[in-house]
Amino acid sequence: MKEKEKKYIALWQVMHRECLRLTSRPLYLFCMVIAPLFCYIFFTTLMDTGLPKNLPAGVVDMDNSSTSRNIVRNLDAFSQTGVVAHYSNVADARIAVQEGKIYGFFYIPKGLSSEAQSQRQPKISFYTNYSYLIAGSLLFRDMKMMGELTAGSAARTALYAKGATEDQAMGFLQPIVIDTHPLNNPWLNYSVYLCNTLIPGVLMLLIFMVTVYSIGVEIKDRTAREWLRMSNNSIYIALAGKLLPHTVVFFIMGIFYNVYLYRLLHFPCNSGIFPMIFATLCLVLASQCCGIVMIGTLPTLRLGLSFASLWGVISFSISGFSFPVMAMHPVLQALSNLFPLRHYFLIYVDQALNGYGMAYSWSNYMALLIFMMLPFLVVHRLKEALVYYKYIP
């Protein structure tokens, strides 16, 4: 039998062995299929409205006039703000904020209407709880808008009283009209903002963990030598045969989330779905190779899994989708390139959001290719661990 045929037979035997292991252990089914599907549905349904609606807010109306009541009604009309309580003083409203009953309150001072009519510049105050960043930010935006509208309404009434026409009043109040156009996510949808990176990030984390576990458990169960013998003592055939079934399953899960996000939920994908599917394949392969490096560097199951979980969790913070990398410390900016999710995120921005061609993201594809080459640095160390390492519980 030719040497090449022997390699193919050995590869097939290792793949068959791994398929049997995958089907015999429910843990693989959970980590490779159930957990990703759960995360897909969980994150997309958690933020299905796009933005939080009717965030609870309070009002302290010391004026109790028709003007102040109109202000409260207009504030409650904002989609993100829901006025759920009226308080007689600031102390009670502050206690409600501290107890988490409301995220902020709007304070209308006594004499607001009369002082506004006499142009004595009354002060409106609002307080938001920034311990909850999203809720605090949205309430701050609505309350600030309401304050500006109230001030503009009072100024417009005064201009009308002096004989100004509507065009003259509006030209004075708003000499420059601002026309805003949010790019790529014009709905300001948090689901679009978060899910496009959270979901592949969770899949990457699971790939790290499963790759490390599938190799580390061979050492723990003392089946590593049997695995190597089946592959004709070739570490390359052993790794390829073990991880190819994983690649197929994880790639199918990657195709599923791309179809789910860009076809069923109609998230922005200006380059078409196929470049994103290719980027997902690169992420899957890069993540598997990183898992090999992790278990090759720390060839014990518990240390390898700790390494994988730590690297995977840090990826969410340093990839740049929540806090921009350009605003980080220069050292962290350089370190962000060591995480596959960072390069996937940049590919997603270039292609799905901006609609650029794949050639525009060549540097990020090259980075993912470099991740795929990293196992060559540790395969010999990993083979020694498979042959000689004795697992210590």
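Where is the place of Tyr389? Tyr389 sits in the segment after helix 16, a helix that covers residues 379-388. Keep in mind as you look around that this is a predicted model. Now look from Tyr389 across to Pro200: 189 residues separate the two in sequence, and their C-alpha atoms are 34 Å apart in space.

Next, let us turn to the stretches that a database record picks out. An unreviewed UniProt entry carries the annotation "transmembrane region" for several spans, including residues 190-215 and 272-298. In the model, residues 190-215 are 100% helix and 0% strand, with 38 Å between the end C-alpha atoms. Residues 272-298 are 93% helix and 0% strand, and here the end C-alpha atoms lie 40 Å apart.

Now find helix 9, which spans residues 224-230 and holds Arg225. Arg225 is partly exposed, at a relative accessible area of 48%. Together with Arg222, Arg229 and Lys390, Arg225 forms a positive surface patch.

What is the phi of Asn232 near? The phi of Asn232 is near 60°, a positive value, and the phi of Asn233 is also near 60°. These values deserve a second look because most residues other than glycine have a negative phi. Asn232 is partly exposed, with a relative accessible area of 46%, and Asn233 counts as partly exposed at 46% relative accessibility.

How values were computed. Residues numbered from 1 in each chain as written. Predicted model: local features only at pLDDT ≥ 70, side-chain atom pairs only at ≥ 80, totals over all residues. Heavy atoms only, no water. Patch = residues over 30% accessible without salt bridge, like charges linked within 9 Å, V, L, I, M, F, W, Y side chains within 5 Å. Areas by Shrake-Rupley, 256 points an atom, 1.4 Å probe, with all protein chains shown as cover. Salt bridge = Lys/Arg side-chain N within 4 Å of Asp/Glu carboxyl O. Lys, Arg positive; Asp, Glu negative; His and termini not counted. Charge placed at Lys NZ, Arg CZ, Asp CG, Glu CD. Helix = DSSP H or I, 4+ residues; strand = E, 2+ residues; numbered from the N terminus. Buried < 20%, exposed > 50% of the residue type's maximum accessible area, 1.4 Å probe, protein only. UniProt positions renumbered as here; feature names shortened; annotations may be inferred.
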